[in-house]
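Colleague: Please put the model up, then take my questions one at a time.

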Amino acid sequence: MFEKDEWTQKEFYKYKNELEKEGAKVVLVDTILKPLGNMKTITYNPYEMANMPENTVFVFYCDTGKTTKERLPFYRKNFLNTDVFLYGEEEDIGVLIINHPKSINMKTYDYIIVGAGIAGCSTAYFLSKYTDSILLIDRNSDLAQGASGAAGAFLSPLLGKPNKFKDLVTKALNFSTDFYLNNIPKEITNCGVVRIPKNKEDAQKFETYKPYMDFPYEKMEDGYYFKIGSQVNSYNICSYLADKVEKLFDYEVLATEQNSDFRIINGELKAKNLILTTGADISLIKEKYFNIRAVWGQK
Ligand SMILES: Cc1cc2nc3c(=O)[nH]c(=O)nc-3n(C[C@H](O)[C@H](O)[C@H](O)COP(=O)(O)OP(=O)(O)OC[C@H]3O[C@@H](n4cnc5c(N)ncnc54)[C@H](O)[C@@H]3O)c2cc1C
């Protein structure tokens with residue numbers, strides 16, 4: 001019965017009966033969808049499941065085909081001695097995982113990064129020089145689907161009077177322009193940018209910024225041309241940065257908890273270090289000593 005990669009629901013019920021005749025307990029684990037027929041479900045909870053009898057067979061019933069298929073490698077990796085099947089009949093497609101409770105493998109990562117926009121992908125890239133134990137998570141189905149996918153993706157100087165944030169942006173602009181030109185030149189168009197004051201007030205402000213310009217510029221008809229400016233392909237850049245990193249998509253992080261040495265994510269993933277690069281969504285950041293607010297993100 002486990003030789004097939006795909007089961008119909010009919011087969012599922014048949015094999016369930018056979019397994020039960022052999023003394024196994026079959027448990028349907030509700031992940032997203034409504035339960036099948038009259039079958040009772042339990043909510044996915046690795047701790048609780050690990051304490052169930054050894055002859056238990058878990059059946060995971062998930063989302064529709066494509067998403068589910070993409071999750072299969074993740075389930076396979078995270079459950080030892082596991083047979084993973086798709087079963088389906090028209091829209092009733094799901095994942096079936098046969099697994100014995102004692103074999104649940106809560107893999108520990110050195111780093112889990114939540115958010116696969118430019119911040120998460122860059123962090124993953126530079127951390128991957130030190131460890132290959134990184135998991136990059138996003139609730140979307142691909143990289144750069146939040147603000148990083150919406151952006152015009154212009155690299156341009158921050159104008160203004162000196163302050164620490166402006167210094168940081170100036171350093172970041174120099175660094176990222178060099179990085180992209182040296183590593184992925186086909187994804188950056190270093191054509192310069194023109195900054196055009198939007199009204200009279202803005203034009204006056206611009207005059208006051210002139211003594212503090214960090215980059216050379218030329219006056220043009222209605223604006224100012226900065227040669228340093230570029231535009232990038234943000235999706236391709238994120239793909240390059242996250243290329244070698246393990247990824248988990250369509251996965252929403254709802255809760256994180258900390259025990260003495262680890263962070264546990266949604267009760268099922270474990271990391272020595274957790275990095276939140278969730279952009280404008282700051283709901284996971286619980287910092288009571290100072291306020292964090294989203295500066296710019298997907299609206
Ligand atoms: C319309 C627009 C135009 C812009 N133009 C420019 C520009 O030209 N130049 C420029 O420099 N900047 C621009 N920006 C700003 C820039 O896009 C953002 O500052 C940058 O993309 C933020 O990147 P990020 O990785 O922090 O966030 P995001 O790209 O938003 O990534 C955060 C990711 O976290 C995921 N996430 C959040 N919570 C969870 C959770 N609980 N579980 C799982 N996943 C989660 C989200 O799905 C998302 O994919 C623009 C922004 C917008 C909206």
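**Fold, ligand shell and sheets**

Colleague: What share of the contacts in the protein with a separation of 6 or more comes from residues 24 or more positions apart?

Modeller: Two residues are in contact if their C-beta atoms, placed from the backbone, lie within 7 Å. Among contacts with a separation of 6 or more, residues 24 or more positions apart account for 68%.

Colleague: What kind of model is this, and which pLDDT cut-offs apply?

Modeller: Residues are numbered from 1 along each chain as its sequence is written. The model is predicted: totals for chains, interfaces and linings use all residues, local features need pLDDT of at least 70, and side-chain atom pairs count only at pLDDT 80 or more.

Colleague: How many helices and strands does the protein have?

Modeller: Both are DSSP runs, numbered from the N terminus: helices are H or I with at least four residues, strands are E with at least two. The protein comes to eight helices and 18 strands.

Colleague: What percentage of the 299 residues is buried?

Modeller: Buried means 20 or more other C-beta atoms within 10 Å of the residue's own; exposed means 12 or fewer, and partly exposed lies in between, with C-beta atoms placed from the backbone. By that count, the buried part of the 299 residues is 24%.

Colleague: Which residues come nearest to the ligand?

Modeller: A residue is near a molecule if its C-beta atom, placed from the backbone, lies within 6 Å of it. There are 30 residues around the ligand, and those that come nearest are Gly115, Gly117, Gly146, Ser148 and Gly279.

Colleague: Which elements give two or more residues to that shell?

Modeller: Look at two helices. They are helix H4 (118–127) and helix H5 (147–150).

Colleague: How do the shell residues divide into nonpolar, polar and charged?

Modeller: Ala, Val, Leu, Ile, Met, Phe, Trp, Tyr, Cys and Pro count as nonpolar; Asp, Glu, Lys and Arg count as charged; the others, Gly among them, count as polar. The shell around the ligand then divides into 13 nonpolar, 13 polar and four charged.

Colleague: What covers the buried residues of H4?

Modeller: The buried residues in H4 are Ile118, Gly120, Cys121, Thr123, Ala124 and Tyr125. Their cover includes H5, strand S7 (108–114), strand S8 (134–137), helix H8 (234–241) and strand S18 (269–276).

Colleague: Which hand does the β-α-β unit of S7, H4 and S8 have?

Modeller: View the strands pointing away from you: a crossover is right-handed if the path from the first strand over the helix to the second runs clockwise. The unit made by S7, H4 and S8 is right-handed.

Colleague: Why is S7 called largely enclosed by the rest of the structure?

Modeller: Count its buried residues. S7 has seven residues, and it is largely enclosed because the number buried is five.

Colleague: In S8, which residue is the bridge partner of valine 114?

Modeller: Strands pair if DSSP finds at least two bridges between them. S7 and S8 pair in the parallel sense over four bridges. For valine 114, the partner in S8 is isoleucine 137.

Colleague: And in S15, what is the bridge partner of isoleucine 137?

Modeller: S8 also pairs with strand S15 (residues 246–248), in the parallel sense, over three bridges. In S15, the partner of isoleucine 137 is leucine 248.

Colleague: Which residues of S8 are buried?

Modeller: In a regular strand the side chains alternate between the two faces of the sheet. Both faces of S8 are covered. Buried on one side are Ile134 and Leu136, and on the other Leu135 and Ile137.

Colleague: Which residue in S18 is the bridge partner of threonine 108?

Modeller: S7 and S18 pair in the parallel sense over six bridges. In S18, threonine 108 has as its partner lysine 270.

Colleague: Is proline 162 buried or exposed?

Modeller: Proline 162 lies in the loop between S9 and helix H6 (164–183). Its C-alpha is 9.1 Å from that of tyrosine 209, 47 residues apart in sequence. Because proline 162 has 11 C-beta neighbours inside 10 Å, it counts as exposed.
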